[in-house]
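I opened the notebook to look up salt bridges. The entries follow the order in which I checked them.

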Amino acid sequence: MLARNQTFDGEGSSMRVRARLTTAAAGSSLALALAASLSGCMTVHGEEAVVPAASEKEAQAALERYVETSNEASESLDAELNSTVESGALGTIRAAQLTSMHTRSPAGNENFTPLEVSDTQFHIPQQAGWPKFFVADTQSNQTPDNRWLLVFTRTSIDEDWGASYLTLLPAGGGPELAEDDDGYLDDLPVTGETNTGLVIEPGEVSTAYAEYLQNGDGPFNDGEWTSAEVTRREELDGNAAFVMEYQDAAPAGDREGFQPVAMRTTDGGALVLFASLHNQKQTMAEGETLEVHEDVEPLLDTPAERSLTLEQVAMISAVVPEGEEDALNAVELLFRSIGVVSASGD
């Protein structure tokens, strides 16, 4: 059963994730060689040993491949090509955007401008098993007041790296990521029995956020995507022209590319990137006209005359502090991008 009240949120619908790497990074083959020599149970594929998820040379190559391919896909509005370098929440949102735009502009994006980035830094954790990830932290010329954090993920040694999350952080003001004793990114577990000392475990943030939107209870600060979102739904409750119904959920744990990513920050807390799923249904009263946004029209699988159901995916970054479990007003959402990925009508 859908819960009531949500407005369509088009934020992120014009997001173009394109970049050109302008900085070089040195490889870390020595660290990999040392890890191999010190671990008696290491396998070539990294299923058992704790090894760097990638060398800086590999990370740079992955980013360069991503830049080249996503630029080409963004200009030609080719969702299939884009899927070769993006996955998870980011890839799902972008696939729908490119599909919609291509339907409306089959010749491609005439206003395409390649994005340039600078001052790129890589944050690479040491990990065992799959999936593995690393983070590219870069300055964008299109968002001078923000830095971009791109999370690259892959699920096996034979798979190419793909960008699964993007978040914007204030330039010079974002959380500072911590390193382990070997100088690698200090990542945190997001599955299984964990005790990170945070007010909420990283793997539980998405479920807590979905529950918060349903009932207004949870360990989140007031803000645009928390208290203000709940208020917007409540305000629509009395609209005589239509009824809004709502459903919020965390992605299934085995949904590839949608696993959250958590990184310890130097203050003892964590930066958590996660995805959430949101369905909303708008049903018009008798005699009222249903309007479908032009971005949504190409995604409709059935005509919408009286009601419209939207399936949305969001990717979100949150700062989770240390403290007692479920402490009120503790978790701050830094960024959210949400997009319609499918639509149906009645």
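Is Asp119 buried, partly exposed or exposed? I found Asp119 partly exposed, with a relative accessible area of 40%. The terms are set by relative accessible area: buried is under 20%, exposed is over 50%, and partly exposed is in between, with a 1.4 Å probe and protein chains only.

I noted that this is a predicted model, where local features need pLDDT of at least 70, side-chain atom pairs count only at pLDDT 80 or more, and totals for chains, interfaces and linings use all residues. Residues are numbered from 1 along each chain as its sequence is written, and side-chain values use heavy atoms, with hydrogens and water left out.

Entry on the count. I took a salt bridge as a side-chain nitrogen of Lys or Arg within 4 Å of a carboxyl oxygen of Asp or Glu. That rule gives eight salt bridges.

Entry on Asp119. Its side chain meets that of Arg147 in a salt bridge, 3.2 Å from N to O. Arg147 lies in strand β6 and Asp119 in strand β3 (residues 117-123), so the pair ties together parts 28 residues apart in sequence. Strands are DSSP runs of E, at least two residues, and helices are runs of H or I, at least four, numbered from the N terminus. Arg147 is buried at 11% relative accessibility. I also found Asp119, Asp137 and Arg147 linked in a network of salt bridges.

Entry on Arg232. Arg232 forms a salt bridge with Glu229, with the closest N and O atoms 2.5 Å apart. They are three residues apart in helix α6 (residues 227-236), so about one helical turn separates them. Glu229 is buried at 2%, whereas Arg232 is partly exposed at 29%.
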